[in-house]
Amino acid sequence: MKAIKYLSIAALAVSMTACKYDIQPDKLYLNEDKVKELTADGKIYHLDELLDVFSTTEEGNYKSDTVNYRTRANDESNNPGIWLYSIDTLPSSGPGIYIRGRVSTDDYGGNFYKALVIQEIVDGKQQNLRLSIDMGSASGMYPRGQELLIRCNGLAIGRYANQPQLCVPSYNNNTNASSAEQKVGWNPGRIPAPFCRTHFHLIGLPDESKLKYDTMTIYQIHRDAEGNYTYNDIKGARKIDGRLVVIKDAWFDGQFVKTNGEQDTCHIYYPDSISHGNPEYDSNSAVFGPTTGNVGYPQSRCLVDKSGKNGALQWTLVSTSEYAKYAYFYLPFEYVDGVHKYGTFKGNVRGILGFYMDNAGYKPDRSKWSITICDLNDLELYADGTGEVPAGTKWGPYTRPDGQKIDLRKEWQMNIYERSILQTNEEKRKANGLE
Amino acid sequence: MKKTLFFLLALIGATCSIVAQQNAPTSEQFSSPTRLVGQLVNEDGVPIVGYATITLGNQNISTSANERGEFSLSYLEAMDEEVIIEADGYISNIVQVQLTPGQTTDMGNVTLITDMGLAAKEEVLLTLAEADLNDDEGKSQSVSSAPSASQDVFNATTSFAWSTGRYRNRGYEQTFEKNYINGLAFNSAERGTFNFSAMGGLNDASRNKEIVSNIEAANFTFGGIGNSTNYLMDASRYAQGWKVGLAGTNRQYKGRVNATYASGPLNNGWSFIAQLAWRYSPYIDAKGIIGEGIAYNSFGYFLSAQKDWQNGHRLSLITFGAPTERGQSGAVTQEVYDLTGSINYNPYWGYCNGKVRNSRIVKAYDPTAIVSYEWQIDPMQRLRAAVGYHYSFYSNSALTFYNAPDPRPDYYRNMPSYFYDGQLDANGQLISKDNTAWMNPLGITDDNGNLVEQTYNGNIVGRTMDMATYQRLTDLWKARDNKATQIDWDGLYAANQANNIADPNGSASYMQERRHNDIEEAIMNINYSNSKFDHLKITAGMDVKYAQGIHYKSVDDLLGANQWIDVDPFAERDIKDLATNIGLTQEGIEFVKQNDIFHPNAVKKQGDRFGYNYYMNMVQANVWAQNEWNFNDFDVYYALKIAYSSMQRNTTMVNGRAWYLAVLNERYMNHYLGQDAQDILNGKEKSLYRGYAHNFIDPAFKAGFTYKINGRNRIKLNLIAQTEAPLARDAYVSARVHDAVIPTIYTHDYAKNLAEYFASSQKIAGGDLTYEFNYNIVRGRVTAYYTQFWDGSEMNGYYDDQARTFVNQTLTGINRAHRGIEAAAAVKLGTYFTLTGAVNAGDYRYTSNAYSITSAENGMPVATKMDGTTIHELVDSVYINGLHVANGPQLTASLKLSFFHSKMWFADITCTYYDRNYLDFAPSRRMKSMYTGTYEDGTRVNGSYRMVSNGMNQGYENAVLLDDAGEMVLDKFGSPQLRYPYNLMADQESLVSSNVWNRFIFDASVGKLIYLPNRQQLSINLSVTNFTNNTKLKTGGYQQARIARGNLQQKKTEEGNSVLMPNAWKFPSKYYYAWGANFYLSVTYKF
């Protein structure tokens, strides 16, 4: 028995060890001293400066052999000397090439996909650059407000549909695509995730309040100080691309723009039809991002304000991916005397300014500017109470009239309602200075 | 149904009545018999108390030694006899004796020499078995059969030597290898397997065992088609004294210490034994080593007490357990192995604040208590009974993430191959990669080893990024950059920290979760044997097991985040699509992503349960009886078993997807929500929601015949037929989400006839024919075996690129045949050497196509019909006829040269050859509809769910090989043949290296036993496995079920959808390799 006693004591003496990792939060990101230390081998470029220094030729330095290695979509006949696509590789060795900027996008809503926009404030003005990265749900790693330091060596600067971005060279060989003769070729591609992990560094903790929003009217988006169309200046538009803006006193007017540029009215036939108004089958449905038939381009819905001369209506587009989580949410409207009516929900719209010129044949047009919101939190719209918000569909997506059967424990209010801007809360209206 | 059961039970009764009618032995049989007695002792003169067999070579009679090592044989023929003595853990001995008529020949003490290498080898086997146990993965490395030093030449040779190649007994799954402890069935009721980790490091606890090979007659169980092993843990079976040991190895753990004390039988009738063992490895900061990124910590205890009474009663109290915490390693693609230059690359670890940290930590602990009772009623009758309680804690950690990038370093999008992806030419043909690229994922190289850019029509093809960037990415992998090729722990903490600021009340971006798969089992067993009757031994038994599987997830480490919100990230992503299914309001849709709809958006902190929390209640009961008839020239046995089993799933959490599926089709609401479906839909909260119970009755019959040609040669024939209820593991479509079981069980539940009743049970029939020989110089056997399985079923789950969600795929109607030949012979070469050869040449194949039912876990449609209506449960057939069953090598052969010197030197060297080993196939890649454009019911496939590129009725033209007449070319099993490169995606891959030398593994061991004064001993043993360091031997793996959608996004078919493009390189197979050279050095001191 003594033996067992001794063995038992020995057993107690052998304890399971646990490994401690002693995470020190302040070591997880860079402070300014560390930024200096890390960038000592080179220079931190401003975002616009990076483009100016390393994107020296219109067609990009990648590559000179335009037969075998041509850059995509150089339509000389319509826009001689202007290339919508370009690639400029950055030297992988030599002095360090750094940029820093604060993330202004959030992909939780699904409207940004494998893309970030960073913002740098230089002399009180915004400079912005898109980052094309092969990393889904990147906001989980780089949330809105997070400042990044990026070592650009070995990456590339390019333009995709005229939008400047940090990227890697990529070859589009989809010879089955429509207009393949324009599309096949080199263009900006997504930076592989392993490069993000090795090139991107966090500076401090995220601070969304440090993002700068330019308050603009829709008219100001379209026209410069001289009254010229900003979109007409293809080169100049590149500098505006990615700007973080807020439009005030704006509303959705229930219109959308077809791919040929024509405006049309959205359908609200939700009660009685499978295909008519059903966002899965009908691209005219009055939701933010109905189907594209698996093609995948962003859907456009018209946003309006009264910023034209003498208060004339001006419109631009709000761009939504059909893969966004809120894609099938209805545009805000109310029933007034039994008829659906837009324009009673008004307020602020925040988003990233951009455009899409995927071939050089596009003519300048005010419809080409669009605002990309991250999710519905970027819409601060408030009903004016003139009508009735449709029951059961107020916040909701496409639904059928028997949707009411899902009334299990109605008191369950999910976070998404709290996050939603589509509220009629009087106190909130007052808090925002609308009354 | 009732008539059949009545008939079967009546048969058992008839068996017993036969017994009752037997006459008692005549007085003549007790008069002056010729007898042989003796006692087995070890080299110290201490009685051998393990399981031992004594066989008379000429008369072909055998018996077992009792727990004091004593044996006795009566009614023998007087002649010169050869006594063959075999005991587990000892080197066999053959002794010549002369039997005198009417007299008792006393052999006195018969000494057996300890097989020193065995203990070390058993420890290695246990480690392998433990490493292979990935309970929650579904795709675990195939484990070899139970560690056994069976007295059978074939089993003794193969159990260790063939474990490196993951040889499996006749190609059977581990569920067919039954394991018992003091007669109690210890294979898990839910998963069907035995957890070797429960006895990790406790080699003394598992030392004494009786092993029944395959269909042979057994005395402690009915048995089955696989081996049955009964571990005997009574304290009196261990020799008195202390034993302490120290071992070092370069495997998963690096060091081991153990100590054992056994009292031996004391005068008061008590015996005791206690063993403690500790195995340990710290994290070692080195890449490319065996056990890379793994820490190991296991403490084992084994306590057994036994009381013997003079009147034949014996009571044993046994408890053991081995709380273990160990890291895991994972299978990766060939590309990763090639880039990292090591088969030991492990994607599960990374640096955390500069220290090595593994994300997959197994915590296992199986506290077990057994009370066994034995009553030797008289010399011919014995009654044994036991009760046991066993709680298996088993959990495995894993990283999970919410709205954040996938943290796995070997995620396919992080690999260079993803950017060297398939491209199509103008004709829709894949032109990017060719055979060369398939073999070499790094691409085609020129003579200088530089990557070559390929052009097609003047355009560079074959990759989607430029060569320099591609090269830099490969360089990251080759250099094994810590941030890019291992888990970036600091990055995960940083992401959570940022998220705490950005969304303080939001869910963590990253979290380490712990998946618990516990099981609690209460087991009882009664076994009665009677040898009272002439030539007949009767054995009967009954065992009952109640088990409850306990499954849930818990928050293991928030990695610095504030909390985890309990919603399903994947369901949330699919919400938009769900909105079109039925008339859900947004409020209703919010339910769908909830893991517990009665506690939506629950905030979870460290240690909290989340995700799912369900219980699988199971009852299993077996009644069996066996008659063994022994005559001079032949033996016959037959046995019958009736098995009852039931399973019922209960849950404390109602999953939003289950609720959604019930709402989607209210007719089947009970199918998903169980008995309380109506209450759930009415919003009535309960503490437990009951599923439906499913009950099964399965009969089994087996019989054997042995013809004794003479004392040294015999022929055996064994046959078995049985049905077997599905395991709970395979019965539920998605037990974590809802109560739905596979369709055949529903058929079974409402069966109108026997055929329907047994529709869900697997039917098994088989037999083996053995020729056995036993001479002074050579002994061995040759066995031919054949086993046919019908109506097997299995579950698979994977991410479906077409449905863009996680799907479950049930495979039913799996028929297969396992046939082959086993042979082994041991030849004595002079005094010191023995040469043992063993071979298994098997052929394990599927014998028909199977059926599959595919459904999305979140209720989304998985396809649409031509008229646009949706398909939620896709029924199709799967072309598996003729494929090989992927259960280890089907051709294995080895040659072993053993050396033993009387000065107690031991050594052996073994060469093993592995061949005919195949990769497990993914059913999703062999669907009929993908090959032909039509489902099994003849309806046409709409859109992309097929392996074609264009056309409507002739859609298979690009993928399927056509003859001159335009008809599909079929193989001899009736499956369409595919063109290159489509065939690469679907064909079953051989794991065998094209280089013959890479199929060989060489092992060696050497040992020395040193006698010290006062009966003390010191033994030293070194075994080196794979000492030629063959790092090219693939032991297993699996084809990924996920199939890439093609690159034809812009090209519409006439039916309006993009098509499924078989890109053979996008989701390549994953492999396991045998370890390179590894050693085990042990020193044991006995006193």
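Two strands pair if DSSP finds at least two bridges between them. Strands (E, at least two residues) and helices (H or I, at least four) are DSSP runs, numbered from the N terminus.

The model is predicted: local features need pLDDT of at least 70, side-chain atom pairs count only at pLDDT 80 or more, and totals for chains, interfaces and linings use all residues. Residues are numbered from 1 along each chain as its sequence is written, while chains are lettered from A and ligands numbered from 1 in the order in which they are written.

**Exercise 1. Find the bridge partners of strand S40 of chain B, then decide whether the strand is enclosed.**

Step 1. Locate S40(B) at residues 850-856.

Step 2. Take one partner. Strand S38 (residues 805-829) of chain B runs antiparallel to S40(B), and six bridges join them. B:Thr812 has B:Tyr851 in S40(B) as its bridge partner.

Step 3. Take another partner. S40(B) is also joined by six bridges to strand S43 (residues 873-878) of chain B, again antiparallel. Here B:Tyr851 stands opposite B:Ser877 of S43(B).

Step 4. Check burial. A residue is buried if 20 or more other C-beta atoms lie within 10 Å of its own, exposed if 12 or fewer, and partly exposed in between; C-beta atoms are placed from the backbone. Five of the seven residues of S40(B) are buried, so the strand is largely enclosed by the rest of the structure.

**Exercise 2. Trace the pairing from strand S45 to strand S47 of chain B.**

Step 1. Start at S45(B), residues 905-915. Nine bridges join it to strand S46 (residues 1000-1012) of chain B, in the antiparallel sense. B:Thr910 sits opposite B:Asp1003 of S46(B).

Step 2. Go on to S47(B), residues 1016-1025. S46(B) pairs with it antiparallel over nine bridges. B:Lys1008 has B:Ile1020 in S47(B) as its bridge partner.

Step 3. Inspect the turn. The hairpin of S46(B) and S47(B) has three residues between the strands, and B:Asn1014 takes a positive phi near 60°.

**Exercise 3. Give the strand order of the open four-stranded sheet in chain B and identify its edges.**

Step 1. The order is S10-S9-S12-S11, with mixed pairing.

Step 2. The edges are S10 (184-185) and S11 (209-212) of chain B, as each pairs on one side only.

Step 3. Look at a parallel pair. S9 (residues 178-181) and S12 (residues 228-231) of chain B pair in that sense over four bridges. B:Asn179 stands opposite B:Thr229 in S12(B).

**Exercise 4. Describe the side of domain 1 that touches domain 2 in chain A.**

Step 1. Count the contacts. Two residues are in contact if their C-beta atoms, placed from the backbone, lie within 7 Å. In chain A, 29 residues of domain 1 contact 28 residues of domain 2.

Step 2. Find the contributors. S4 (115-122), S5 (125-134) and S8 (163-172) of chain A each supply at least two residues of this side of domain 1. The largest share, four residues, comes from S5(A).

Step 3. Sort by class. Ala, Val, Leu, Ile, Met, Phe, Trp, Tyr, Cys and Pro count as nonpolar, Asp, Glu, Lys and Arg as charged, and the others, Gly among them, as polar. This side of domain 1 has ten nonpolar, 14 polar and five charged residues.
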